Every structure is written in structure tokens, then in C-alpha cells.
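Please read it beside the sequence and the model.

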Amino acid sequence: MTDAADIPADHPRHDSLVTRHRIEDGVDAGITSRQGLIAQGRGEAFDYLLGERTIPSADEAERAAAAALLAADHPVLSVNGNVAALVPAAIVELATVTGAALEVNLFNRTEERVQAIVESLEAHGAEDVKGAAADARIPGLSHERAKVDADGIYQADVVLVPLEDGDRAGALAEMGKTEIVIDLNPLSRSAQAAAIPVVDNVIRAIPGITDHARDLQDAGAETLVAVQEEFDPEAALETAEAALRGSPELA
Ligand code: PTJ
């Protein structure tokens, strides 16, 4: 088996192959679930159809996401096994720039995996990573999937959930949170439930949101509200679907 370092830089699928290796390494390190491999494959197919680029409507969503995080009282970035494998440094940076908390929140929860992800985020400079306490529940969900921290996702007003399961995304939205979902499938229930759906690869989306957050850092409250109000989630989902179906002039 090759590893990431063996993939020639001029290979036409270089970036995609390196990404696959990161997910494989995440599984080997006890960070990513085996289901994460399947999720990555699905995401890759959508990304291929999108042209592996951030379409303009996704960039607008990333700006709205940055504004929502900066304007929030208790913003939380949810981290699962795929995010921890793909963008550990970038998610810690986004938390630093926006003042958001990081919380490990797993669909296929095991305490070992929570601990491995907390340690990995700490190795990338994170402090006070939440998720291990699991002392609150998302209403309406069965046991393991519902576990969150009382002072984290449970009390968050704005929560970023990359690659989320549709049920849980719906349940978080029901709790009245402003939900930012990163998902390459605009038809997924998570993307449909989100106040701000970001149809982009998490690898591009997280640094994209951070860039916008840096740009908006000194903006006043009115500007942050205006950026969020100008963003139309339904139009963004329609545009992304059109791009996937091969109408690039719409994207
Ligand atoms: O680590 P855990 O236990 O919390 O599990 C995480 C996964 C992702 C395995 C779990 O939440 C899951 O099974 O998710 P789904 O239902 O497979 O949904 C994942 C969604 O993310 C799908 O719509 C994919 O198209 C999308 N996706 C996959 N890879 C990426 C992505 N979206 C953005 N960037 C990606 N790299």
C-alpha cells in the first residue's frame, strides 16, 4: 500500500488521494470511524461533480457563517472523526479567530474516540476542548447520538456542524440554534435543515470561513447582521444543485 508521501505531486488526482490517506490514517489512529471512509467516498463524488472548487454561492455561505460565528454569544464548532482527520489545524485556527469553543461530538460515539480526538486537537494547539463531559442531551434523539456538553453545544446559540447526520442536524435546529452545516450534498437533510448550508469540501470551507472571519473581525454588529441577512439559504442550495447537475453558468 502506498502512503501519502508516495503519491507523485503531478498525479492528476493528487489532492484527492492525499485526502483519502488522511482519512485512512484517522481510522488507524482511532480518530475516524470506519463509517467515515464511506462518508468520504460519498463526499468525493459530489466534490468531483462540483469541479473540486468553492462555487461562488458557497463562498457567500462561508462569509455568512463567519458573520454568524463572530456575532454569536456562545459559538461552538462541532468536531467529528472526519473533521479531526482532515482539518485539525484549520478547525483550531477557526476557533481561535472567532472565539468559538471546540466540542467533540460523535455520531458513532465511543469514549476512546472522543479522547483520541481531544488529544489530537490539543496537539494542534486547542485548549479546553469540550465533549468528554457529555452531561446534557439533545431532545428527541436516542442515547449515544444525543450526548453533548451542557456548557457547549447544549447552550450554544450558533453551532457549526460539518458532515452531520440529518436527524441530529434537524434536532439541533429544533432547539432553536443557528446551525451552520458543511456538506457537499445540497440534497442532504442536514444541508436542508441549516440556517447556513455551506456546500463545499470541509477542506476548503474551514479555511474559507476563517479568511472571512479575519476580514470581518473589526466589522460592527450591523454589518454582521447585514451579511447574514443577505445570504439566502434556499437560493444557495438551488445553485449548488444546479452546479452538480451540470449547469455551471448558474454556479
Ligand atoms: O465521527 P462520527 O462518528 O461523528 O461520524 C461522522 C460521519 C461523517 C461518518 C457520520 O456523521 C456519517 O455517517 O455521516 P453521513 O450520514 O455519511 O453524512 C456525511 C455527509 O457529509 C454526506 O452528505 C457527504 O456527502 C458529506 N461529506 C463527506 N465528505 C465531505 C462531506 N462534506 C464536506 N466535505 C467533505 N470532505
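Predicted model: local features only at pLDDT ≥ 70, side-chain atom pairs only at ≥ 80, totals over all residues.

1. Residues are numbered from 1 along each chain as its sequence is written, and side-chain values use heavy atoms, with hydrogens and water left out.

2. Five strands make up an open sheet with parallel pairing, in the order S2-S1-S5-S6-S7, where strands are DSSP runs of E of at least two residues and helices are runs of H or I of at least four, numbered from the N terminus. Two strands pair if DSSP finds at least two bridges between them. The edges are strand S2 (101–104) and strand S7 (196–198), each of which pairs on one side only. Neighbouring strands are turned against each other by 20° on average, direction ignored.

3. Strand S1 (75–79) is mostly covered, since five of its five residues are buried, that is, under 20% relative accessible area with a 1.4 Å probe and protein chains only. Pro75, Leu77 and Val79 point one way from S1, whereas Val76 and Ser78 point the other way. In a regular strand the side chains alternate between the two faces of the sheet.

4. S1 pairs with S5 in the parallel sense over three bridges, and Pro75 stands opposite Val158 in S5. With S2, S1 pairs in the parallel sense over four bridges, Ala101 being the bridge partner of Val76. Further along, S5 (residues 158–162) and S6 (residues 178–182) pair over five bridges, with Val158 opposite Thr178.

5. Helix H3 (residues 56–71) packs against helix H10 (residues 202–216) at an angle of about 60°, their axes 8 Å apart; axes are lines fitted to C-alpha atoms, for helices over the stretch in contact, and angles run from 0 to 180 degrees between N-to-C directions. H3 is therefore oblique to H10, as angles under 35 degrees count as roughly parallel, over 145 as roughly antiparallel, 65 to 115 as roughly perpendicular and the rest as oblique.

6. Ala9 lies in the segment before helix H1 (14–28) and is exposed, with a relative accessible area of 71%, exposed meaning over 50%. The C-alpha atoms of Ala9 and Ala221 are separated by 44 Å.

Note on methods. Contact = heavy atoms within 4.5 Å.
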